[in-house]
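Welcome! Let us take a friendly walk through a protein chain, stopping at a few residues along the way. Have the structure open beside you as you read.

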Amino acid sequence: MICSRCIYDDHIPYITFDADGVCNYCRQTEQLEIEYPTGDKGQQILDKMVEQIKRDGHGKPYDVVVGISGGCDSSYMLYLAKNFGLRPLAAHFDNTWNSKTAVENIANILKTLSLDLYTHVVDNHEYCDIFKSFLKASVPDIDTPSDIGLATTHYLAAAKYGIKYIWEGHSFRTEGISPHGWFYMDAKYIETVQKQFGAYRLDTFPNLWMSQWLLKWTMIKGIKKIRPLYYIDYDKEKTKQFLSAKLGWKWYGGHHMENRTAYFTNNYYLPRKFNIDLRFSEYSALVRSGKMPREEALTNIKEPKPFDQSILEEVKKRLNFTDDEFMEIMNLPPKTYRDYRTYKQTFERMRPFFWLMYKLDLVPKSFYLKYTKTYDK
């Protein structure tokens with residue numbers, strides 16, 4: 001069965017359909033659209049947030065931390081912050097797998113907007129070992145250490161300079177809602193997998209321990225995450241053209257292709273081993289928001305994902321895999337985060353607390369919805 005509105009079908013985990021044939025992810029998006037309006041109302045909310053950010057940043061060198069990867073969304077976030085009259089501090093987590101285009105984009109954005117950069121570079125041997133450990137663990141979440149490292153770097157930058165706000169460049173209207181069961185991440189998960197399969201200790205990798213994230217940075221320091229794209233009419237294609245014309249930004253060829261671990265994960269590993277195609281989420285989001293005809297999405301999703309074979313060879317070389325060893329990895333029985341120690345049960349037990357934290361704008365609603373709910377296996 002396929003949703004009558006988007007292109008999610010019954011291969012998507014935990015999907016349900018109502019009497020009109022509309023899936024629960026579309027209904028969830030409807031609720032998000034009510035809670036996070038665009039247009040004049042969204043602009044008023046965002047203007048009010050910006051004024052508060054300026055007040056809280058008074059007397060400090062920066063108002064807000066904005067992550068930068070060289071991608072479209074993060075680059076636009078920095079422009080948007082600057083255009084609002086804020087003093088953003090760009091923050092970057094370098095997992096040592098950036099594409100050349102991403103590196104050039106970051107340099108151009110920083111130079112053109114006259115921004116300072118806070119960066120955390122993990123030891124390349126250590127990160128390669130973490131990446132290799134997750135492959136050996138046979139889970140879909142092999143690139144989530146990059147996401148955790150990025151989030152921690154944001155908090156480290158904010159804590160160092162007394163900044164109260166972090167801007168994230170995510171939009172459910174263009175990227176969609178990732179179904180539960182596709183990906184999971186937390187610090188205990190990373191530690192567990194690395195202890196079981198890795199050869200390196202987590203020395204330079206910035207892990208997001210719950211005590212730091214929840215107690216120190218969120219509750220005591222009151223650092224808040226904001227997603228400005230939730231409140232604006234964001235047209236990604238027009239944004240790419242704008243960034244190219246005004247900021248010397250270059251398109252890197254596809255979603256998440258600015259980093260080679262992300263590109264390998266999304267275009268090779270996930271489709272082949274787990275039958276996970278992130279285009280379902282992206283295209284469904286674009287269909288829901290009227291930016292792509294549904295028939296076009298249904299046609300495009302049938303096309304195989306493009307993949308640069310040289311990236312596979314680079315992965316095998318940097319991780320010291322022979323061809324046979326890599327195929328053994330690909331042929332291992334698939335597992336999930338449930339096969340390893342994580343914070344998930346703790347998050348579930350703390351669901352009422354995290355509901356309050358979400359209402360106080362101290363954790364994103366997406367975290368509350370996905371990480372604190374109990375799902376059947």
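## A first stop: Glu296

Glu296 is partly exposed, because its relative accessible area is 38%, a value that falls between the 20% limit for buried and the 50% limit for exposed. Before going on, please keep in mind that this is a predicted model. You can find Glu296 in helix α13, which covers residues 294-300.

Glu296 and Asp18 are 278 residues apart along the chain, and their C-alpha atoms are separated by 24 Å.

## The nonpolar core

In soluble globular proteins, nonpolar side chains tend to be buried together. Here, the largest nonpolar core has 120 residues. Which of its residues touch the most other members? They are Trp167, Trp213, Phe264, Phe347 and Phe354. Helix α5, residues 124-137, gives the most to this core, with 7 residues.

Leaving aside residues up to four places away in sequence, Phe354 touches Met210, Trp213, Leu214, Phe347, Val363, Phe367, Tyr368 and Thr372.

## A nonpolar patch on the surface

Some nonpolar residues can be found on the outside too. Leu215, Met219 and Ile220 form a nonpolar patch on the surface, and together they have about 320 Å² of accessible area.

Leu215 sits in helix α9, made of residues 210-220. With a relative accessible area of 48%, Leu215 is partly exposed, so it passes the mark of over 30% that a patch residue needs.

## Salt bridges

Side chains of opposite charge can pair when their charged atoms come close. How many salt bridges are there in this model? The count comes to 19. In one of them, the side chains of Glu104 and Lys250 meet, with 3.9 Å from N to O. This pair links distant parts of the chain: Glu104 is in helix α4 (residues 100-113), while Lys250 is in the loop between α10 (236-247) and α11, 146 residues apart. Glu104 is partly exposed at 29% relative accessible area, and Lys250 is partly exposed at 48%.

Another salt bridge joins Lys225 and Glu168, whose closest N and O atoms are 3.1 Å apart. This pair also links distant parts of the chain, with Lys225 in strand β5 (residues 224-226) and Glu168 in the loop between β4 (165-167) and α7 (172-175), 57 residues apart. Are these two residues buried or exposed? Both Lys225 and Glu168 are buried.

There is also a salt bridge between Asp323 and Lys316, with the closest N and O atoms 2.8 Å apart. Lys316 has a relative accessible area of 10%, so it counts as buried, the limit being under 20%. Elsewhere, salt bridges link Arg5, Asp18, Asp20, Arg27 and Glu30 in a network.

## A last stop: Asp277

Where does Asp277 lie? Look in the loop between α11 (260-274) and α12 (279-288). Although it is in a loop, Asp277 is buried, because its relative accessible area is 11%, under the 20% limit.

What does Asp277 touch? Not counting residues up to four places away in sequence, Asp277 touches Trp182, Ile301 and Lys305. The side chain of Asp277 also makes a polar contact with the side chain of Arg279, at 2.8 Å.

Technical notes
Residues are numbered from 1 along each chain as its sequence is written. This is a predicted model: local features need pLDDT of at least 70, side-chain atom pairs count only at pLDDT 80 or more; totals for chains, interfaces and linings use all residues. Side-chain values use heavy atoms; hydrogens and water are left out. Helices (H or I, at least four residues) and strands (E, at least two) are DSSP runs, numbered from the N terminus. Buried means under 20% relative accessible area, exposed over 50%, partly exposed in between (1.4 Å probe, protein chains only). A polar contact is a pair of N or O atoms within 3.5 Å; within protein, one must be able to donate a hydrogen and the other to accept it, and residues adjacent in sequence count only if both atoms are side-chain atoms. Contact means heavy atoms within 4.5 Å. Patches are made of residues with over 30% relative accessible area and no salt bridge: like charges are joined within 9 Å, nonpolar side chains (Val, Leu, Ile, Met, Phe, Trp, Tyr) within 5 Å. Accessible areas come from the Shrake-Rupley method with a 1.4 Å probe; for residues, only the protein chains shown count as cover. A salt bridge is a side-chain nitrogen of Lys or Arg within 4 Å of a carboxyl oxygen of Asp or Glu. A nonpolar core is a set of buried Ala, Val, Leu, Ile, Met, Phe, Trp, Tyr and Cys residues joined through side-chain atoms within 4.5 Å.
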